[in-house]
Amino acid sequence: MKISILGAGAMGSGIAQVAATAKHNVILFDTNAAALEKSEAKLKKIMARLVEKGRIDEATSTAIAGRITYAQDMQLFAGSGLVIEAIVENLDIKKSVFKQLESIVDADTILATNTSSLSVAAIAAACDKPARVVGIHFFNPAPLMKLVEIIPAIQTSDAVLTEAKSLIDSWGKLTVIAKDTPGFIVNRVARPFYGEALRILEEGIADAPTIDWAMTELGGFRMGPFTLMDYIGNDINYTVTETVFKAFYYDPRYKPAFTQKRLAEAGYLGRKTGKGYYNYGEGATNPEPTKDKVLGEKIMWRIVAMLINEAADALFWNVASRDDIDLAMTKGVNYPKGLLKWADEVGLQKCIDTLDELHSEYLEDRYRCSPLLRKMGREGQTFYSSEA
Ligand SMILES: NC(=O)c1ccc[n+]([C@@H]2O[C@H](COP(=O)([O-])OP(=O)(O)OC[C@H]3O[C@@H](n4cnc5c(N)ncnc54)[C@H](O)[C@@H]3O)[C@@H](O)[C@H]2O)c1
């Protein structure tokens, strides 16, 4: 099957590599010639590194690179089985591109969007055949991240959903199905990892190195929230938070933090600018964490309880299944455990009590316990019964 990709930026280039590695012929289109050149040069470098490390041989590398055609002519999309759009995150631009696409591709070509935060239904609505539109959300970098969220819009046909899912599965990815709601699974459930950590920092309970230490050493997370925000970029991470907050009609659970906004405004974006919560570059020094286990446990558990609540609430609102929620967080963002499994392990009542304590302390809706968590706790249920 011929696969076409719109947008040769970070995501489009990565997805092109994944599809070409899965032996598809790929058309990678961008309006910007420089973006195409950059993408081609980057792929060359990645392929050379893979050969050097012995992951693939020279012939395979040549074959993968040879399957990608870099194009500035969208007419080459004709005859594609699937088109994946990965252009700028702007609804109006995406809509006009989808409209244009329909005049080029076949009647049964699946049209997918890699949007992180826009409504798939709104994008599909731009098409004459909205039933063929689906969200296929890869994570960055696409060749390395195993998780892909598949998002059917309310218009998407069952056949398109099934075909999109099985195709991406056949590329060696782990797919989960998410409802077309803001942030899908990962970008919704992960919000407290950043937001609650920022809140703890802003309240002066602990500094960034101490919170990071608590989350990695005591919580088992691969990276602490501040290290991770610096890695993602404070501009990007802030924008995702703000987008999710607005999309949820300003639900205080997702409220962004001034600290991060100021960092983004100041250009302290993290690793990419040499400064964020931490200093980077040669000779940079950073404060040491305060390794107080009692404080650390308190911080870690407050953030984890908020994450569990978010996972439970996503299940409550049928955003995804129990297994897909846990899979998304362990495979998409490398959490040490599925959050619902974690809730079972510590006991649902402990999660409820922590949230209720925070709620009565702050009297903020931000700390409201998910109705599902509360009901299950009351009834003595667990997310995974003995059958799991
Ligand atoms: N970067 C991430 O971590 C990430 C992760 C998942 C999903 N996404 C989503 O993927 C999409 C792309 O993100 P990115 O980070 O790769 O962006 P990017 O800025 O790196 O690349 C976008 C590319 O699209 C091109 N482009 C813009 N308008 C175009 C048009 N009308 N026609 C053709 N090409 C056009 C640009 O020239 C650019 O090369 C966005 O919707 C984003 O939300 C991003």
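**Ligand shell, sheet and domains of a predicted model**

Me: Which helix gives the largest share of the shell around the ligand?

Reply: The shell takes at least two residues from each of helix 1 (10–21) and helix 4 (91–102), where helices are DSSP runs of H or I with at least four residues and strands are runs of E with at least two, numbered from the N terminus. This is a predicted model, in which local features need pLDDT of at least 70, side-chain atom pairs count only at pLDDT 80 or more, and totals for chains, interfaces and linings use all residues. Residues are numbered from 1 along each chain as its sequence is written. The largest share of the shell, 3 residues, comes from helix 1.

Me: Which residues come nearest to the ligand?

Reply: A residue is near a molecule or strand if its C-beta atom, placed from the backbone, lies within 6 Å of it. Of the 23 residues around the ligand, those that come nearest are G7, G9, M11, A35 and N140.

Me: Which strands stand at the edges of the open sheet of 8 strands?

Reply: The sheet has the order 3-2-1-4-5-6-7-8 with mixed pairing, two strands being paired if DSSP finds at least two bridges between them. Each edge strand has a single partner strand, so one side of each is left without a neighbour in the sheet, and these are strand 3 (68–71) and strand 8.

Me: What is the bridge partner of F138?

Reply: Strand 6 (residues 133–138) and strand 7 run antiparallel and are joined by 5 bridges. In strand 7, the partner of F138 is V148.

Me: Which strand gives the most to the side of domain 1 that touches domain 2?

Reply: The protein chain is divided into domain 1 (2–177) and domain 2 (185–388), with bounds that come from an automatic or database domain assignment. Their contact takes 10 residues from domain 1 and 13 residues from domain 2, two residues being in contact if their C-beta atoms, placed from the backbone, lie within 7 Å. Strand 7 (147–152) and strand 8 (174–177) each supply at least two residues of the side of domain 1 that touches domain 2, and the strand that gives the most, with 3 residues, is strand 8.

Me: How many degrees is the angle at which helix 8 and helix 11 pack?

Reply: Axes are lines fitted to C-alpha atoms, for helices over the stretch in contact, and angles run from 0 to 180 degrees between N-to-C directions. The axes of helix 8 (residues 191–202) and helix 11 (residues 234–247) are 11 Å apart, and the angle is about 100 degrees.
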